[in-house]
Amino acid sequence: MAIIKSTFIQSNIMTSRRDFLKNAALASAGVAAGANAFGAASYRRILGANDRVRVGIIGFSDRFRSSLAPSFGDHAKELNFEFMGVSDLWNRRRDEAEAFIKGKPYSASEFVKARNNEELLARKDVDAVIISTADFQHALHCAEAVKSGRDVYVEKPFAETLEDAKVALKAVEASKQIVQVGSQRRSAPNYWAAYEYIKSGKFGDITTVEMTWNVNQPGRWRRKDLVAQIRKEDTDWDRFLMNRPKVEWNPRYYLEFRLFYPYSSGIPGQWMAHQIDTVHWFSGLDAPRNVVANGGIYTWKDGRTNVDTFSAAFEYGPFDDKSKGFQVIYSSRFNNEAGGVKEYYYSNGGMINLDTNKITSEGGLKERDAKGMGLQANLLPEMSLKTGEKIATDANTGADPMTSLHMRNWMECIRSRKESNAPARVGFNHSVANIMATKALHTGKRVSWDPKKKEIVLS
C-alpha cells in the first residue's frame with residue numbers, strides 16, 4: 001500500500017483523462033488478493049493465459065450502452081476480451097445490442113441473442129457476464145451467474161432487499177468466481193488517496209461525514225417514448241418480476257423501475273449506494289448502527305412512488321464500543337441542483353473535500369480555542385489528492401475514467417484470480433445501509449442493525 005499512497009497523494013492535480021488512466025494503474029490492478037481466491041495456475045486449466053475471455057451481456061441498459069461497453073472497449077484489445085452475446089427479455093433490446101456491438105473490435109464474430117439468462121448461461125462459450133438489469137434483479141442475477149461458474153461485473157445497488165443480498169453473498173462466497181460490484185469510486189485514485197490518508201492515522205478520527213447528490217431533472221429515470229412503444233408480448237413480464245409480487249403488466253414498472261418501489265429504492269439505491277460505500281471503506285465499518293430518514297414527492301408528481309427529496313442521518317461506530325462513533329448526514333433532491341455532488345469528511349483537525357480533492361485545516365481546532373482548555377491546536381496540513389474529472393450527475397456519463405478503471409480492474413482480476421476492488425461483500429454492506437434507510441423512510445421509525453444476527457431491527 002505504501003506505493004499507492006506515495007503515488008496518489010501529491011501536491012498537484014491531474015486534469016487530463018489520459019494522465020488519469022495512465023497514473024491510476026495501481027488502483028485498477030487488484031490491490032488486494034482475496035483470501036478465497038484460487039491460484040492463477042488452477043484457473044489456466046480452465047482458461048489459458050492467452051485465451052480470449054468471452055463476456056455475455058445481461059441486460060442491454062442505457063447504463064451499459066453509454067458507460068459500461070465503452071469502458072470495456074478501452075481495455076478489451078490489450079487484455080484479450082470480447083462480447084459474445086446478450087440476454088435481454090425485450091426483443092427490441094436484443095436487436096439493439098446486436099446492432100450496437102457487432103462490428104466493433106471487441107465483438108465476437110457471431111453474436112448470440114438469448115431470450116433469458118437460462119439460455120445464455122447454458123452455453124459453454126461464456127466465461128463472464130456484465131449485469132446491468134433492473135435494480136431489484138441484480139442480486140439474484142449475480143447469484144445464478146456465479147452458480148453457473150461465471151465471473152461477474154454487477155451494477156449497483158447490489159440488492160434491494162436483505163433476503164436477496166444474503167442469497168447473492170452466500171452464492172458468491174461459496175464459489176471461486178471473481179465478482180466486481182459497480183462501486184467505481186473504489187478504483188479511483190483520489191478516493192484511494194483519501195483512504196490511505198485516513199488509514200495512516202494522520203487525519204484523526206472521523207467525526208462527521210456530509211454527503212449530497214442534487215439534480216434538477218424532471219425527466220431523470222423517465223422513459224416516456226419507450227413506455228408508449230413497448231408491448232407486453234415482446235418481453236417476458238413474469239420473468240421480469242422474479243420474486244416480486246405478481247401484478248398486471250405495467251410498462252412504467254418495466255422501463256422506469258427506478259421510480260417505483262419495490263423494483264428500486266430510488267435515491268438510496270441509485271445514488272447513496274455510491275457514497276455510503278466510501279464511508280464503509282474509509283472507516284473500516286461494515287454497517288451503520290442505526291438510521292432515521294425522511295422525504296417525500298414534493299415536486300415531480302408524475303405517478304412515481306419513490307421520493308424526489310430524501311435525507312437520512314446515520315450513526316456509525318464500533319458495535320462493541322458505543323463511546324466511539326460519528327454521524328453521516330446524507331441528502332438528495334431532484335428539484336434543485338445547487339450543491340451538486342458533495343462528499344465531506346471531517347475530523348477535529350480539518351476536512352477532506354472529495355469535490356475539490358483537497359485536505360485542509362478548515363474547521364480544525366485553533367490555538368486560541370485549544371489553549372484555554374490546556375489542549376494543543378490541531379490543524380491538518382494542506383495538500384491535494386491526485387484526481388481526474390469531477391463527478392458527473394448526468395444520467396449517462398459515457399466511458400468516464402472512474403468506470404473505465406473499475407472495469408479494467410475486474411478484467412485484470414479475471415486473469416490474475418485476485419480479489420477485485422469491490423467484491424460482493426462490499427455490495428452487501430452498501431445494500432444493508434440502503435435498505436435500512438429505505439425502511440426508516442417508509443416506516444418513520446429508527447432502524448438499527450444487529451451485527452450478530454445480521455438482521456435489521458425497527459424501533
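**Reading strands, cores and helices**

Mentor: Start with a pair of strands: β12 and strand β13 (residues 350-353) pair in the antiparallel sense over four bridges. Two strands pair if DSSP finds at least two bridges between them. Helices (H or I, at least four residues) and strands (E, at least two) are DSSP runs, numbered from the N terminus. One more thing before we go on: this is a predicted model, where local features need pLDDT of at least 70 and side-chain atom pairs count only at pLDDT 80 or more, while totals for chains, interfaces and linings use all residues. Residues are numbered from 1 along each chain as its sequence is written, and side-chain values use heavy atoms, with hydrogens and water left out.

Trainee: How many residues link β12 to β13 in the hairpin?

Mentor: Two residues make that link. Across the pair, tyrosine 346 stands opposite methionine 351 in β13. β12 (residues 341-347) also has a partner in strand β8 (residues 208-214), antiparallel again, with six bridges. There, glutamate 210 has tyrosine 344 of β12 as its bridge partner.

Trainee: Is β12 mostly covered or mostly open?

Mentor: Mostly covered, since six of its seven residues are buried. Buried means under 20% relative accessible area, exposed over 50%, partly exposed in between (1.4 Å probe, protein chains only).

Trainee: What is the order of strands in the open sheet?

Mentor: Read across the six strands and you get β4-β3-β2-β5-β6-β7, with parallel pairing. At the edges sit β4 (107-114) and β7 (179-181), each pairing on one side only. From one strand to the next, the twist averages 20°. Look at β3 (residues 81-87) beside β4: four bridges, parallel, and glycine 85 is partnered with valine 112 in β4.

Trainee: And what about aspartate 151, buried or exposed?

Mentor: Aspartate 151 lies in strand β6, and it counts as buried because its relative accessibility is 1%. A polar atom of its side chain lies 2.8 Å from the backbone nitrogen of isoleucine 178.

Trainee: Now cores. Which residues have the most contacts inside the largest nonpolar core?

Mentor: A nonpolar core is a set of buried Ala, Val, Leu, Ile, Met, Phe, Trp, Tyr and Cys residues joined through side-chain atoms within 4.5 Å. The largest here has 100 residues, and Phe310, Phe314, Tyr345 and Ile352 have the most contacts inside it. Helix α16 (residues 424-443) gives the most to this core, ten residues. There's also a second, separate core of 26 residues, including Phe64 and Cys413.

Trainee: Why is helix α7 described as largely enclosed?

Mentor: Eight of the ten residues of α7 (residues 138-147) are buried, so the rest of the structure largely encloses this helix. Its buried residues pack against β2, α6 (117-121), β5, β6, α8 (162-173) and β7.

Trainee: Last one: what is the mean pLDDT of the chain?

Mentor: pLDDT is the predictor's confidence in each residue, from 0 to 100. The chain's mean is 90, and 86% of its residues reach 70 or more. Over residues 1-45, though, pLDDT stays under 50.

Conventions
Axes are lines fitted to C-alpha atoms, for helices over the stretch in contact, and angles run from 0 to 180 degrees between N-to-C directions. A polar contact is a pair of N or O atoms within 3.5 Å; within protein, one must be able to donate a hydrogen and the other to accept it, and residues adjacent in sequence count only if both atoms are side-chain atoms. Contact means heavy atoms within 4.5 Å.
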